Amino acid sequence: MRKMVGFAFLALLALGLFSCTQQGPMGSGLSVQGVAPKERYLVVFKSETLPPNAQALAQSVGARVVKALEPIGALTVVADRATANRLARNPQVLAVGPERYYTLPKTERILFQEETYGAPTTADNLYKYQWDIRRIGAPEVWRRVPLEAQGRATVAVLDTGVMDNHPDLVGQITVFVATNYCYETAGPNNTPSYPKYTLWIDFDNLDPNNLCTPAPSVLYEAHGTHVSGTIAAAFGGGRVVGVAPGLRIAAYKVFDRIHFTEGGQEYDDVGAFDGPIFEAIIDAAQKGYDVINMSLGGTLDTRNKDDVAAMVAWDRVMKYANRMGTVIVASAGNSAQNANGYIVHIPSDLPTVVSVSATGTATPLWRYPYPTNETLNAEPGQDVLAFYSNYGAAVDLSAPGGDCGLDENGQSWCDRPRSDRPPGWRYHLILSTIIIHENLPAYAWYAGTSMASPHVAAVAGLVKALHKDWTPGQVRAHLKATAEDIGSRQLFGHGLVNADQATR
């Protein structure tokens with residue numbers, strides 16, 4: 001039985017239209033109190049680049065090196081606790097701590113030689129439901145910024161992998177990379193970042209010398225495909241459109257499938273570890289990709305000495321990407337928590353990251369009980385903080401992440417059982433591309449800060465396409481300066497990202 005960490009609202013548009021809700025018991029992110037990999041450690045050296053003898057040093061005390069992260073002076077290793085303690089006492093080592101695990105924060109390319117402007121086509125017959133795309137002013141950008149101009153920028157999506165044969169994403173993805181531990185290729189194009197998982201890390205029967213073993217079933221994880229569709233789903237390719245249909249996507253698979261038992265409950269899910277995420281960030285930055293989107297996260301406790309290694313490594317890798325010229329955008333998290341405190345949401349709370357909270361709309365889209373030819377628009381001035389979204393001083397911007405809508409009394413429909421909600425409540429969620437399996441692409445409504453982050457990443461990509469010489473700091477400042485003020489700085493940061501104003 002597969003359990004999803006967090007909650008996702010899903011309405012599949014494959015052969016028909018229906019909705020379901022999946023919810024797991026661990027909340028929106030697996031925190032430091034959750035499952036930690038057995039005998040897996042992050043070793044951070046005092047030197048901010050890896051010393052020449054680092055791997056030999058680790059091996060000399062009995063540790064097995066899994067990943068060497070030279071630009072940030074860190075290793076991931078397999079070792080027992082005594083070996084980890086010996087490493088920690090070495091004068092070259094700053095900190096040793098468990099390699100942390102991060103979850104999906106869910107809740108409930110053809111360039112023409114001439115200047116070609118775009119617009120949704122008759123094939124994009126689900127665009128009418130994409131209130132989020134219109135709310136941030138993307139259609140105004142399409143009339144002014146040619147697709148080939150947009151194509152000068154690439155957004156790296158660090159996620160579960162992307163269905164490159166989805167009709168809305170064919171040709172949009174130009175790079176395929178897998179940095180996860182259980183490497184495998186899949187899909188009709190045999191790509192390493194395809195969102196198919198046939199191997200898993202089985203913590204119930206973990207062999208340190210054989211980390212990845214065959215799973216008893218095949219798992220397709222749609223999250224990265226949904227995020228990518230929001231960024232750059234093509235005009236006329238399938239049935240939806242992205243914020244910036246001319247942008248290029250570099251698909252990175254950083255998640256692994258994991259299996260474990262906790263509290264008598266068996267879990268089969270996906271999670272991303274420090275090492276693969278760091279490797280992907282370094283690779284994307286070294287290749288010069290303009291933006292990285294990370295719709296993932298977890299928490300670290302600044303009071304916990306076991307979290308020091310992860311905190312230092314995360315700070316270093318973010319600063320490295322920043323120096324290399326790459327803008328980092330990340331979801332703020334889905335715990336409905338105030339982020340002002342000693343519990344830090346990673347990576348969004350780091351200072352060189354654009355942290356994105358999620359909005360919904362109070363416009364009563366739920367009054368449309370059945371699909372119509374009328375376009376559903378979220379009215380300005382009716383933006384609300386999504387019921388699941390984190391908030392606080394670390395939030396830089398907000399973007400549509402989806403909600404359930406408000407009833408006549410101003411209460412969220414999510415506060416009621418699904419059976420008590422009007423049929424149109426799902427229209428308040430974010431519609432984008434997903435995968436069912438290799439031969440069945442589909443579309444789904446999701447909600448989460450995972451869905452908000454790619455809106456900002458796409459706009460950052462547009463800004464970089466128009467201003468290739470701008471530094472990440474300049475892009476961040478510009479996005480904030482051009483955002484639409486929708487209320488509280490603590491809830492929405494500098495405001496709702498505005499694609500139209502940001503590209504003028």
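1. Buried is used here for under 20% relative accessible area, exposed for over 50%, and partly exposed for values in between, with a 1.4 Å probe and protein chains only. Asn293 is buried, as its relative accessible area is 0%.

2. On the basis of these notes: the model is predicted, with local features needing pLDDT of at least 70 and side-chain atom pairs counting only at pLDDT 80 or more, while totals for chains, interfaces and linings use all residues. Residues are numbered from 1 along each chain as its sequence is written, and side-chain values use heavy atoms, leaving out hydrogens and water.

3. Asn293 belongs to strand β15, which covers residues 291–294. Strands (E, at least two residues) and helices (H or I, at least four) are DSSP runs numbered from the N terminus.

4. What does Asn293 touch, leaving aside its neighbours within four places in sequence? With contact taken as heavy atoms within 4.5 Å, the partners are Val155, Ala156, Val157, Leu158, Val227, Val329, Ser453, Pro454 and Ala457. Ile231 is 62 residues from Asn293 in sequence, and the C-alpha to C-alpha separation is 9.7 Å.

5. The side chain of Asn293 also makes a polar contact, at 3.1 Å, with the side chain of Ser295. A polar contact is a pair of N or O atoms within 3.5 Å; within protein, one must be able to donate a hydrogen and the other to accept it, and residues adjacent in sequence count only if both atoms are side-chain atoms.

6. How many disulfides are there? Taking a disulfide as a pair of cysteine sulfur atoms within 2.5 Å, the count is 2. Counting bonded cysteines along the chain, the pattern is 1-2, 3-4.

7. Cys182 is joined to Cys212, with an S to S distance of 2.0 Å. This pair links distant parts of the chain, 30 residues apart: Cys182 is in the loop between β9 (173–178) and β10 (196–202), and Cys212 in the loop between β10 and β11 (213–220). The torsion about the S-S bond is about -90 degrees, so this disulfide is left-handed. Cys182 is buried at 2% relative accessibility, and Cys212 is buried at 18%.

8. The sulfur atoms of Cys404 and Cys414 are 1.6 Å apart in their disulfide. Both cysteines lie in the loop between β21 (397–400) and β22 (430–437), so the bond ties together parts that are 10 residues apart in sequence. Here the S-S torsion is about 55 degrees, so the disulfide is right-handed. Cys404 and Cys414 are both buried.
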